[in-house]
Amino acid sequence: MAFAEQFGARLILLHVVEPAIYPENHMAGAAPLDQGNQVLLDAARERLEEIKHQQVGTRAPAEVLVRIGHPYSEIPDTAKAWGPT
């Protein structure tokens, strides 16, 4: 927050949800998997919105992003996409 306030920067609150995997049942169909992933995405988005509201407020512009994938690739990809132009 101190850097964002000092430099007039925007904050990107990012959470990467790893896909829910049901190895014993992965051939049964995509519906349970999609539903499980959606629950995880919704919970992550809700929590980040709470953080944005409670800790950031109006002190800095902030975006909430929730991605599904692997953090080791989603974090740098998001940084590149949202970085300085």
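Guide: The following turns treat an aromatic pair and then two further residues. This is a predicted model, in which local features need pLDDT of at least 70, side-chain atom pairs count only at pLDDT 80 or more, and totals for chains, interfaces and linings use all residues. Residues are numbered from 1 along each chain as its sequence is written, and side-chain values use heavy atoms, leaving out hydrogens and water.

Visitor: How many aromatic pairs does the structure hold?

Guide: A pair of aromatic rings is described by the distance of the centres and the angle of the planes. Rings of Phe, Tyr and Trp (its six-membered ring) pair if their centres lie within 6.5 Å; planes under 30 degrees apart count as stacked, over 60 as edge-to-face and the rest as tilted. The structure holds one aromatic pair. Phe 3 and Phe 7 form this stacked pair, with 6.3 Å centre to centre and 20° between the planes.

Visitor: Where do Phe 3 and Phe 7 lie in helix α1?

Guide: Helices are DSSP runs (H or I, at least four residues), as are strands (E, at least two), numbered from the N terminus. Phe 3 and Phe 7 are about one helical turn apart because four residues separate their positions in helix α1 (residues 2-7).

Visitor: Is Thr 78 buried or exposed?

Guide: Buried means under 20% relative accessible area, exposed over 50%, and partly exposed in between (1.4 Å probe, protein chains only). Thr 78, in helix α3 (residues 71-82), has a relative accessible area of 7%, so Thr 78 is buried. By contrast, Phe 3 and Phe 7 are exposed.

Visitor: Which residues does Thr 78 touch?

Guide: Contact means heavy atoms within 4.5 Å. Not counting residues up to four places away in sequence, Thr 78 touches Leu 14, Leu 65 and Arg 67.
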